[in-house]
Amino acid sequence: MDVLSHSLRDLIKIELNERALQRLTWKDFGDGLSMSRLAREGARELVLYRIKAEASPNAFSRHEHLEGEFYLVLRGQIADESGVYSEGALVSLDPKTVHSPRGIGESIVLGLWPAGVKILTNR
């Protein structure tokens with residue numbers, strides 16, 4: 001899996017507005033994982049993921065990013081087959097990348113999918 005990442009922690013300070021997060025519409029998957037769709041145009045999506053500290057390690061289904069993925073870790077950590085990424089990490093995954101991410105502790109991740117996601121296993 002080809003991954004390009006860089007920590008922005010020394011460049012930016014991330015302060016989340018908890019009240020604004022609470023006002024978003026969240027889809028709760030029932031296993032400690034929730035998603036809020038911020039924008040969508042065709043297959044392109046901008047989403048927020050909220051992962052509870054006690055979330056199942058299998059909360060995310062194994063999936064493929066058809067035209068890649070970009071994400072920014074806003075809180076906590078997220079890990080997949082390529083490594084562990086902490087708050088402030090900006091990560092770019094190549095097209096056709098397949099992975100099974102998991103949160104480490106309470107985490108919030110902003111993701112951009114240029115052409116959507118294909119689920120490879122059932123939730």
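Student: Which element gives the largest share of the lining of the largest pocket?

Tutor: This is a predicted model, in which local features need pLDDT of at least 70, side-chain atom pairs count only at pLDDT 80 or more, and totals for chains, interfaces and linings use all residues. Residues are numbered from 1 along each chain as its sequence is written, and side-chain values use heavy atoms, with hydrogens and water left out. A pocket is an open set of points on a 1 Å grid over the protein atoms alone, where a 1.4 Å probe fits, with protein on both sides within 12 Å along at least five of seven lines; lining residues have an atom within 4 Å of a point. Strands are DSSP runs (E, at least two residues), numbered from the N terminus, and the largest share of this lining, four residues, comes from S3.

Student: Which residues lie nearest the centre of the largest pocket?

Tutor: The elements that give two or more residues to its lining include strand S4 (44-51) and strand S10 (102-113). The lining has 25 residues, and those nearest the centre are Phe-29, Met-35, Tyr-49, Trp-113 and Ile-119.

Student: Is Trp-113 buried or exposed?

Tutor: Buried means under 20% relative accessible area, exposed over 50%, and partly exposed in between (1.4 Å probe, protein chains only). Tyr-49 has 13% relative accessibility and therefore counts as buried. At 6% relative accessibility, Trp-113 likewise counts as buried.

Student: How many residues apart in sequence are the parts that the pair of Tyr-49 and Trp-113 ties together?

Tutor: Rings of Phe, Tyr and Trp (its six-membered ring) pair if their centres lie within 6.5 Å; planes under 30 degrees apart count as stacked, over 60 as edge-to-face and the rest as tilted. Tyr-49 and Trp-113 form a tilted pair, at 6.2 Å centre to centre and 45 degrees between the planes. Because Tyr-49 lies in strand S4 and Trp-113 in strand S10, the parts tied together are 64 residues apart.

Student: Which residues do ring pairs link into a cluster?

Tutor: The structure holds three aromatic pairs. Ring pairs join into one cluster Tyr-49, Phe-60 and Trp-113.

Student: What is the phi of Lys-96?

Tutor: Lys-96 is found in the loop between S8 and strand S9 (97-99), and its relative accessible area of 53% makes it exposed. Most residues other than glycine have a negative phi. Lys-96 is not a glycine, yet its phi is positive, at about 70 degrees.
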